[in-house]
Amino acid sequence: MHITNKPFAVIHLLVLILSCSGSFAQKASSQEKKYFNLLRKHFVADNAYQTVAFVEQRWRIAGNTGFNESIFYVEKILQQAGFKKEVNGETDAILTYRIEKRPLQRPTWEPVNAQLFIVGEDKPLLEFTTNRNMLAMYSGSTPAAGITAELVDIGKATDKELGGKDLTGKIVLAEGGIGSVYTKAINKGALGALSYSLPGYTQPQKHINSIQFQGIRHEADSARRKWGILLSYAAREKLKAALAKGPVSVRVITHTKIYPSEELTIVANVRGSVKPDERFVFSAHVQEPGANDNATGVGTLAEMARLTAQLVQAKQIAPQRTITFLWGDEIVSTNRYIRDDSIRAKGIKWGLSLDMVGEDVQKTGGSFLIEKMPDPSAIWTRGNDKHSEWGGSPLKESDMFPHYFNDLLLNRCLQESKATGWIVNTNPFEGGSDHTPFLQAKIPGLLMWHFTDVFYHTDGDRLDMVSAEEMKHVGVSALVTAYLLAQANRHTAVALIKDLAENARQRLRTECGLSKAIIQQGGDAAREKHILDVWRDWYLTALDKTRDIAVKGANNRIDKAIKRAQQQVREEAAACIAQ
């Protein structure tokens with residue numbers, strides 16, 4: 001999840017009040033109840049957990065052994081569930097899958113072994129068997145006996161600290177991202193680089209052996225390949241203490257594989273019976289070496305696909321739109337799925353990314369989150385809206401993506417919360433996972449994830465940090481959302497419009513209260529009115545887009561429901577502004 005690290009802030013619970021009224025809302029609730037009951041009964045949390053157990057053992061980047069074994073493991077699950085392999089493109093069969101293969105633009109990489117010794121000590125300071133993230137991605141191999149050299153501390157590897165230094169034949173110690181440290185050190189003749197870089201939210205002084213994975217540049221010429229070693233807090237402190245006493249030499253042993261390969265993406269389809277070209281697309285990325293990130297996404301989505309096939313074959317659900325399940329390389333595979341086929345892309349109506357969805361929140365500190373599509377909370381982040389500690393930058397009004405999908409998914413998750421006690425939170429848009437390709441293509445896209453996780457991207461992200469029950473909550477909520485949209489009749493559409501109108505009114509009341517408090521403290525009333533206007537207009541547009549919910553399209557009844565809901569929103573906004 002999320003390829004780069006960013007600064008952090010506290011996540012607060014966003015509570016929305018759900019209110020359904022009228023016979024159509026009751027009918028929609030009955031349909032939801034049916035889906036929830038089916039899914040809670042038949043979703044096998046242990047299936048998802050066992051997939052995580054398989055995948056998380058493997059160090060995965062696109063094209064390497066661990067990645068491919070994970071893809072083939074999912075393929076086996078699909079086959080056993082009744083999905084048939086496509087031979088010549090998508091077929092008219094109800095349950096199908098395919099594995100797409102494309103040559104990688106650069107070779108893949110996988111770690112085999114690594115050790116770091118302080119010369120004079122028998123026990124390694126770090127070793128791959130216990131710190132599997134210690135070896136920077138695209139590091140080369142040393143001779144079998146390793147490389148021994150003097151260790152030189154270059155601080156934060158700034159130009160000032162490096163000025164005039166000849167690092168030929170040395171191994172450097174630095175603080176900062178390994179990519180930058182490595183490049184600067186190798187350019188000055190170093191044999192390799194040791195670097196420490198852990199953000200505060202990982203609590204390195206508590207989790208003293210944690211290491212976050214990072215990478216160095218790929219050297220096409222094998223003779224030029226060096227290596228980078230990432231340090232835990234404990235390892236860094238021990239090296240610093242040794243250097244304080246005098247000169248230190250270290251021995252580094254690395255063994256890696258770098259080889260040409262191909263990128264695999266697995267795509268499974270549950271074909272819609274009425275509008276098969278319209279689809280709801282789920283995406284979970286396979287690469288990254290952790291359990292929560294993102295073996296949990298892989299495992300949860302695999303169980304979702306298995307269960308959907310089971311319910312279709314038992315004729316307990318009958319999707320009228322296609323539901324697609326996608327596993328591949330983060331952002332790359334999802335982006336290609338959207339971009340490669342312009343005709344197919346026109347039919348993608350909703351995209352949902354599952355990334356870091358199975359955390360045992362008592363152990364990781366993470367909270368379940370829905371990362372919303374760009375709404376006004378990503379411009380004016382206030383009240384209970386908080387960016388995650390991964391971080392987000394304020395957006396512009398032109399970046400907004402008004403749509404009902406935010407509230408529709410959140411409402412389903414809150415229904416699961418109401419029944420089970422599951423904690424549901426949201427955060428404003430930040431980006432960095434498989435929801436972004438959907439949004440870039442102007443397709444509604446959301447992210448289900450967890451943060452803040454003290455083991456994020458570290459070698460502490462292992463199976464014992466995973467909750468099977470958490471994956472079930474995510475899987476059930478996500479599937480109810482997809483089933484509603486894949487089978488929505490006009491009664492369902494009207495009920496969802498009423499839900500959205502109530503969400504909009506609640507949001508306006510919340511924003512009104514915040515604005516009143518700000519004005520009372522001397523804030524700019526014109527600015528606060530503008531914020532309310534933007535929220536009003538965001539929801540008015542979102543309501544207008546509900547015309548595409550019903551499989552058979554909008555009719556006079558839906559048009560009237562939208563107009564009625566929009567009028568309620570305008571009245572609520574006017575009342576707020578009048579105050």
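How many residues has helix α15, and how far does α15 reach from its first C-alpha to its last? Helix α15 (residues 525-544) has 20 residues and reaches 29 Å, close to the 28 Å expected at 1.5 Å a residue; the expected span is 1.5 Å times one less than the number of residues. Helices (H or I, at least four residues) and strands (E, at least two) are DSSP runs, numbered from the N terminus.

This is a predicted model, in which local features need pLDDT of at least 70 and side-chain atom pairs count only at pLDDT 80 or more, while totals for chains, interfaces and linings use all residues. Residues are numbered from 1 along each chain as its sequence is written, and side-chain values use heavy atoms, with hydrogens and water left out.

**Helix α15**
- At the start of α15, a side-chain oxygen of D524 comes within 3.0 Å of the backbone nitrogen of A526.

**Helix α3**
- The 17 residues of α3 (residues 65-81) should span 24 Å at 1.5 Å a residue, and the 25 Å between the end C-alpha atoms agrees with this.
- Buried residues of α3 include G66, F67, N68, I71, V74 and L78.
- Their cover includes helices α2 (45-55) and α7 (295-313), together with strands β1 (84-85), β2 (95-103), β10 (262-270) and β12 (321-328).
- N64 caps the N-terminal end of α3, with a side-chain oxygen 3.3 Å from the backbone nitrogen of G66.
- G82, which follows α3, has a positive phi, near 110°.

**Nonpolar cores**
- A nonpolar core is a set of buried Ala, Val, Leu, Ile, Met, Phe, Trp, Tyr and Cys residues joined through side-chain atoms within 4.5 Å.
- The largest core has 108 residues, and F83, F282, F325, W327 and M448 touch the most other members.
- Helix α13 (residues 468-486) gives the most to this core, with 11 residues.
- Leaving aside residues up to four places away in sequence, M448 touches residues including L352, F368, L409, C413 and V474, where contact means heavy atoms within 4.5 Å.

**Second largest pocket**
- The second largest pocket has a volume of about 300 Å³.
- Its lining has 14 residues, of which P124, L125, L126, N131 and N209 lie nearest the centre.
- The largest share of this lining, three residues, comes from α6.

Definitions and conventions. Buried < 20%, exposed > 50% of the residue type's maximum accessible area, 1.4 Å probe, protein only. Polar contact = N/O pair within 3.5 Å; in protein donor to acceptor, adjacent residues only side chain to side chain. 1 Å grid on protein atoms, 1.4 Å probe; cavity = no way out; pocket = protein on both sides within 12 Å on 5 of 7 lines; lining within 4 Å. Points joined across faces, edges and corners; volume = space filled by probe spheres on them.
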